[in-house]
Amino acid sequence: MARREYLKGDARQRERAYSPAVKINGGTTIYLAGQTGYQDERGESYPNNFDGQARVAFERMRKTLETAGAKLDDIVTMTVFITDMANGTRFTQLRKEFFKESSYPASALIGIKELARPEMMIEIQAIAVVD
């Protein structure tokens, strides 16, 4: 059985919705490929809509994890790539919609010039651990 210990973050880390570290004992590790949110599974696109793209990316992660027998709460770390650092604070606010305050994953937020397609604003790669 996987045991998780979320190290308590300071006020800024809690505000930005991440843990400084997550300690895991046991379990199975799932490595998620980068998930983007430009277009959802119905084919609806979200050009110039950071919130929409972030939410679609999280929903894709949720669906992928369910297929692997896991859930978003099993994510222990994520690397987030965004094309405009002005969206960094907004991303941390959106992440709070998907994770409980006491169990935020460890995280890195990286500003980059561009993603695979010019209309993409965000990509999230993650690692999850399940029992």
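Visitor: What should I know about the model and its numbering?
Guide: Residues are numbered from 1 along each chain as its sequence is written. The model is predicted, so local features need pLDDT of at least 70 and side-chain atom pairs pLDDT 80 or more, while totals for chains, interfaces and linings use all residues, and side-chain values use heavy atoms, without hydrogens or water.

Visitor: Why is glutamine 35 called buried?
Guide: Its relative accessible area is 12%. Buried means under 20%, exposed over 50% and partly exposed in between, with a 1.4 Å probe and protein chains only. Glutamine 35 therefore counts as buried. This residue is found in strand 3, residues 28-36; strands are DSSP runs of E with at least two residues, helices are runs of H or I with at least four, and both are numbered from the N terminus.

Visitor: Which residues is glutamine 35 in contact with, leaving aside its neighbours within four places in sequence?
Guide: They are Ala57, Arg60, Met61, Thr64, Ile122, Glu123 and Ile124. Contact means heavy atoms within 4.5 Å.

Visitor: What makes the pair of phenylalanine 58 and phenylalanine 98 stacked?
Guide: Rings of Phe, Tyr and Trp (its six-membered ring) pair if their centres lie within 6.5 Å; planes under 30 degrees apart count as stacked, over 60 as edge-to-face and the rest as tilted. Here the centres are 4.5 Å apart and the planes at 20°, so the pair is stacked. Phenylalanine 58 lies in helix 2 and phenylalanine 98 in the loop between helix 3 and strand 5 (106-111), so the pair ties together parts 40 residues apart in sequence.

Visitor: What kind of aromatic pair do phenylalanine 58 and phenylalanine 99 form?
Guide: This one is edge-to-face, with 6.0 Å centre to centre and 70° between the planes. Ring pairs link Phe58, Phe91, Phe98 and Phe99 into a cluster.

Visitor: How do you know whether phenylalanine 58 and phenylalanine 99 are buried or exposed?
Guide: Phenylalanine 58 has a relative accessible area of 0%, so it is buried. At 5%, phenylalanine 99 counts as buried too.

Visitor: What is called a nonpolar core?
Guide: The name goes to a set of buried Ala, Val, Leu, Ile, Met, Phe, Trp, Tyr and Cys residues joined through side-chain atoms within 4.5 Å. The largest one has 26 residues, and Met61, Ile75, Met78 and Ile124 have the most contacts inside it. Helix 2 supplies the largest share of this core, six residues.
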